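Subject: Handing over the structure

Hello,

I am passing this structure on to you. Please open it first, then read my notes below.

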Amino acid sequence: SELLQQRVTDESQKRYIVAMLEASKKIDVFTRELLDFTDNELALERFNIYEVIHDSVNAIKEDYRDVQIDYPRKGDLLCFADRTKLFQVVHNILKNAAGYEKGGGTVKIGVKGDETKIAITIFNGSSRIQESEYESIFKPFYTRKKGGKGLGLFIGMRNMKLHGGDIAVDSGDEGTTFTIELPVKKKERMTGRSGAIAGREEIEA
């Protein structure tokens with residue numbers, strides 16, 4: 001389809017090719033999410049958590065150019081975790097928040113760390129979630145958006161539970177905040193699909 005797009009000059013044919021490309025991209029995303037659905041192993045490494053936030057913002061900024069994203073651009077807060085899985089969590093929640101702010105809104109990201117946990121907060125002022133839905137939104141295939149697949153938050157919660165962490169949500173008249181909580185200085189047994197220990201390390205800031 002990409003090769004045809006470069007060669008075809010007829011505008012009516014171009015429209016069909018664009019539709020094919022868009023459908024292919026959606027299938028690709030859905031397939032990758034289904035593969036993530038069953039990935040229960042952790043690849044632990046030490047890294048700066050601010051780098052994950054920076055990468056997540058960069059990954060969505062082209063699609064949400066009209067959304068202002070306020071986030072700490074510099075910092076040094078080390079953690080010991082699975083970088084890819086933590087990126088998935090931040091990216092999915094950030095993308096959802098930005099989707100509600102299309103048209104010139106703002107998303108705010110905050111980071112705090114203490115002796116027990118690191119907390120990443122993602123806030124947007126336009127979405128509202130009923131308290132009765134707080135648990136349901138983390139279930140697989142539950143979605144509040146037209147055309148949504150309902151896997152992003154489920155995979156995000158699964159990723160955090162693998163780390164011994166959590167995702168909390170708080171929503172009201174002023175907007176919605178998701179808080180990603182990663183434990184620090186706490187020994188955890190990280191098990192994979194087979195039940196074998198994938199890592200027995202001290203997660204620390």
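This is a predicted model: local features need pLDDT of at least 70, side-chain atom pairs count only at pLDDT 80 or more; totals for chains, interfaces and linings use all residues.

Residues are numbered from 1 along each chain as its sequence is written, and side-chain values use heavy atoms, with hydrogens and water left out.

**The sheet**

Five strands form an open sheet in the order S2-S4-S5-S7-S6, and the pairing is mixed. Strands (E, at least two residues) and helices (H or I, at least four residues) are DSSP runs, numbered from the N terminus. Two strands pair if DSSP finds at least two bridges between them. Strand S2 (68-70) and strand S6 (166-172) stand at the edges. Each has a single partner strand, so one side of each lacks a neighbour in the sheet. From one strand to the next, the twist averages 15 degrees.

Look at S5 (residues 117-124) and S7 (residues 175-183) next. They run antiparallel and are joined by eight bridges. Ile118 stands opposite Leu182 in S7.

Two helices pack on this sheet, with contact meaning heavy atoms within 4.5 Å. Helix H4 (residues 83-100) touches S2, strand S4 (106-113), S5, S6 and S7. The direction of H4 makes about 20 degrees with that of S5. Helix H5 (residues 152-162) touches S6 and S7, and its direction makes about 135 degrees with that of S6. Axes are lines fitted to C-alpha atoms, for helices over the stretch in contact, and angles run from 0 to 180 degrees between N-to-C directions.

**The salt bridges**

The structure holds seven salt bridges. The term means a side-chain nitrogen of Lys or Arg within 4 Å of a carboxyl oxygen of Asp or Glu. For exposure, buried is under 20% relative accessible area, exposed over 50%, and partly exposed in between (1.4 Å probe, protein chains only).

- Glu11 and Lys14 meet at 3.9 Å, N to O. They lie three residues apart in helix H2 (residues 11-37), so about one helical turn separates them. Lys14 is partly exposed, at 29%.
- Arg65 pairs with Glu62, the closest N and O atoms being 2.4 Å apart. Arg65 is exposed, at 67%.
- Asp166 and Lys161 meet at 3.5 Å, N to O. Asp166 is partly exposed, at 27%.

Salt bridges that share partners also join Glu51, Asp55 and Arg83 into one network.

Best wishes
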